[in-house]
Amino acid sequence: MTLELYHFDRSTAAQKVRLVLAEKNLDWESHHIETNLDKRDQHDPDYLKINPSGVVPTLVHDGKVIRESNVILEYLEDAFPFPPLRPEDPFERAQMRLWTRRIDDGLHVDSRIVGQCIAMRYRFLEADPAVVEQHYRDMPETVRRKNDLINNEMGVDSPLLPDAIATFKSLFREIDTTLADRQWLVGDMFSLADISLVVYVNRLASFQMAPLWDDLERLKDWNARIMTRPTYITAVTEWGDTTSQKRVELGQQVFPKVKALWESA
Ligand SMILES: N[C@@H](CCC(=O)N[C@@H](CS)C(=O)NCC(=O)O)C(=O)O
């Protein structure tokens with residue numbers, strides 16, 4: 001049996017797949033796809049054959065290609081059921097899927113909007129314009145391209161940012177409320193719901209935004225519980241910290257503006 005993962009170290013979508021692989025103690029072969037502007041491996045014609053959207057992650061199990069991180073998580077659960085990360089009870093399973101689909105319903109796009117407006121845009125502003133132009137010409141996903149072009153130009157004044165911040169605020173409050181009488185998001189088990197969402201909390205924190213949810217004690221405890229799991233350390237922390245010095249500085253600079261958006265959301 002072989003499992004191969006095409007992934008990028010700091011990608012949220014890849015982090016959650018690596019977390020599941022670690023929880024299930026599965027061996028896998030790494031194909032590191034450098035998605036930065038210097039390399040742009042995600043647009044390599046050979047990679048596009050297995051992932052036409054030009055994004056990571058992609059899982060290959062005994063030659064079978066599976067893409068879309070939420071689909072990959074459920075696939076791993078079906079193919080390798082132990083230890084389980086999905087509740088047995090049909091109602092709880094439905095609750096778990098309501099949490100995970102939030103990501104595809106907009107959270108992932110919103111996370112990119114926030115990241116691009118606060119920090120990532122500088123990579124594009126500082127790069128050779130010909131390389132940037134080629135990058136966006138090669139990018140298969142139209143929404144991603146259109147959003148980036150607005151966000152690269154406007155930064156924290158982007159018209160897309162207020163709604164993205166509002167999505168995070170309401171999600172984080174909902175997580176905090178849900179945790180009032182339980183340790184994990186669904187039932188009494190650590191599940192794909194917890195794994196999928198925690199990476200977004202930490203992504204926003206890497207942009208120095210954690211003071212925004214300082215009042216959400218249960219969310220903070222839940223986050224800390226997951227971050228101290230040995231699997232989080234091997235699957236996320238050891239693959240590299242997203243909090244570069246530049247990201248810290250940029251996050252601190254725009255914090256007041258983002259805070260105002262959070263407060264008015
Ligand atoms: N819906 C996809 C989204 C994957 C995605 O957006 N991956 C990002 C990294 S988190 C990526 O590959 N970005 C490369 C790019 O935008 O060019 C999934 O969940 O697998």
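Here is a chat about the predicted model shown above.

Biologist: Hi! Before we get into details, is this model predicted or what is it?
Modeller: Hello! What you see is a predicted model.

Biologist: Good to know. How many helices and strands does the chain have?
Modeller: There are eleven helices and four strands in the chain. The radius of gyration is 18 Å, close to the 18 Å that the globule rule gives for 265 residues, so the chain is as compact as a globular protein of that length.

Biologist: And what does the C-alpha trace span along its principal axes?
Modeller: About 50 × 45 × 30 Å. As for the inside, 35% of the 265 residues count as buried.

Biologist: What about contacts between residues at least 6 apart in sequence: what share joins residues at least 24 apart?
Modeller: That share is 77%.

Biologist: Let's move to the strands. In what order do they sit in the sheet?
Modeller: The order is S2-S1-S3-S4, in an open sheet with mixed pairing. Strand S2 (29-32) and strand S4 (64-67) are at the edges with a single partner strand each, so one side of each has no neighbour in the sheet. On average, neighbouring strands are turned by 20° against each other, direction ignored.

Biologist: What holds strands of a sheet together in general?
Modeller: Strands pair through backbone hydrogen bonds, and the pairing can be parallel or antiparallel.

Biologist: Parallel or antiparallel: which one is it for S3 and S4?
Modeller: S3 (residues 58-61) and S4 run antiparallel, and four bridges join them. In those bridges, Val 60 is partnered with Val 65 of S4, and His 61 is partnered with Lys 64 of S4.

Biologist: How many residues lie between S3 and S4 in their hairpin?
Modeller: Two residues lie between them, and Asp 62 in the turn has a positive phi of about 45°.

Biologist: Which helix packs on the sheet there, touching S3 and S4?
Modeller: That is helix H3 (residues 69-79), whose direction makes about 130° with that of S4.

Biologist: How many bridges link S1 and S3?
Modeller: Four bridges link them, with strand S1 (residues 3-7) pairing with S3 in the antiparallel sense.

Biologist: Last topic: helix H4. How many residues does H4 have?
Modeller: H4 (residues 90-126) has 37 residues. From its first C-alpha to its last, H4 reaches 50 Å, close to the 54 Å expected at 1.5 Å a residue.

Biologist: Where does H4 bend?
Modeller: The bend is at Gln 116, and its angle is about 65°.

Key: Residues are numbered from 1 along each chain as its sequence is written. This is a predicted model: local features need pLDDT of at least 70, side-chain atom pairs count only at pLDDT 80 or more; totals for chains, interfaces and linings use all residues. The expected span of a helix is 1.5 Å times one less than its number of residues. The bend at a residue is the angle between axes fitted to the seven residues ending there and the seven starting there. The radius of gyration is taken over C-alpha atoms; the globule rule is 2.2 Å times the number of residues to the power 0.38. A residue is buried if 20 or more other C-beta atoms lie within 10 Å of its own, exposed if 12 or fewer, and partly exposed in between; C-beta atoms are placed from the backbone. Two residues are in contact if their C-beta atoms, placed from the backbone, lie within 7 Å. Two strands pair if DSSP finds at least two bridges between them. Axes are lines fitted to C-alpha atoms, for helices over the stretch in contact, and angles run from 0 to 180 degrees between N-to-C directions.
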